[in-house]
Amino acid sequence: MRYNEKELQALSRQPAEMAAELGMRGPKKGSVVKRRLVKLVVNFLFYFRTDEAEPIGALLLEHCRVIHEEPSGFSIIMSSCGEASFSTEMRSRR
């Protein structure tokens, strides 16, 4: 399925099913943890810089696995693009 940038930006403005501020680590080894606002809208996980309204990225949550990590983190493993890791210190913004 293909989406263009305008469609994704419009979808990111929809009410979130869940939202939280997380420490997010990217798929590359040695990536630094960065604070991001994360919003779940339908089956997309949008992530934003905490001070910006436009998303800086999105993960399509299809064909992926979620693995619980200690003490309070999780990883999302995508079959198409490697691994995206998230550490949680959740402050819910529902």
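Guide: This is a predicted model, so begin with pLDDT, the predictor's confidence in each residue. The protein chain averages a pLDDT of 79, and 81% of the residues score at least 70.

Visitor: Over residues 89-94, what is the pLDDT, and how many contacts does the stretch have beyond near neighbours in sequence?

Guide: The pLDDT is below 50 there, and the model gives this stretch 16 such contacts.

Visitor: How do I read strand pairing?

Guide: Look for bridges between strands and for the direction in which the strands run. Strand β1 (residues 18-25) and strand β2 (residues 34-41) run antiparallel and are joined by 7 bridges. Within this pairing, leucine 22 has arginine 36 in β2 as its bridge partner.

Visitor: How many bridges join β2 to strand β3?

Guide: There are 6, and β3 (residues 44-49) runs antiparallel to β2.

Visitor: Which residue in the hairpin of β2 and β3 takes a positive phi?

Guide: Valine 42 does, with phi near 55°; this hairpin has 2 residues between the strands.

Visitor: What do the side chains do along a regular strand?

Guide: They alternate between the two faces of the sheet. For a case to examine here, turn to the aromatic rings.

Visitor: How many aromatic pairs does the structure hold?

Guide: It holds 1. The rings belong to phenylalanine 44 and phenylalanine 46, with their centres 5.7 Å apart and their planes at 25°.

Visitor: Why is the pair of phenylalanine 44 and phenylalanine 46 classed as it is?

Guide: Ring centres within 6.5 Å make a pair, and planes under 30 degrees apart count as stacked. With centres 5.7 Å apart and planes at 25°, phenylalanine 44 and phenylalanine 46 are therefore stacked.

Visitor: Is phenylalanine 44 buried or exposed?

Guide: The cut-off for buried is under 20% relative accessible area. Phenylalanine 44 has 5%, so this residue is buried. Phenylalanine 46, at 1% relative accessibility, also counts as buried.

Visitor: What share of the protein chain is buried?

Guide: Buried residues make up 30% of the 94 residues. The accessible surface of the chain comes to about 6,600 Å², and 53% of that belongs to carbon and sulfur atoms.

Visitor: Among contacts between residues at least 6 apart in sequence, what percentage join residues at least 24 apart?

Guide: In the protein chain, that share is 36%.

Methods
Residues are numbered from 1 along each chain as its sequence is written. This is a predicted model: local features need pLDDT of at least 70, side-chain atom pairs count only at pLDDT 80 or more; totals for chains, interfaces and linings use all residues. Side-chain values use heavy atoms; hydrogens and water are left out. Buried means under 20% relative accessible area, exposed over 50%, partly exposed in between (1.4 Å probe, protein chains only). Contact means heavy atoms within 4.5 Å. Accessible areas come from the Shrake-Rupley method with a 1.4 Å probe; for residues, only the protein chains shown count as cover. Rings of Phe, Tyr and Trp (its six-membered ring) pair if their centres lie within 6.5 Å; planes under 30 degrees apart count as stacked, over 60 as edge-to-face and the rest as tilted. Two strands pair if DSSP finds at least two bridges between them. Helices (H or I, at least four residues) and strands (E, at least two) are DSSP runs, numbered from the N terminus. pLDDT is the predictor's confidence in each residue, from 0 to 100.
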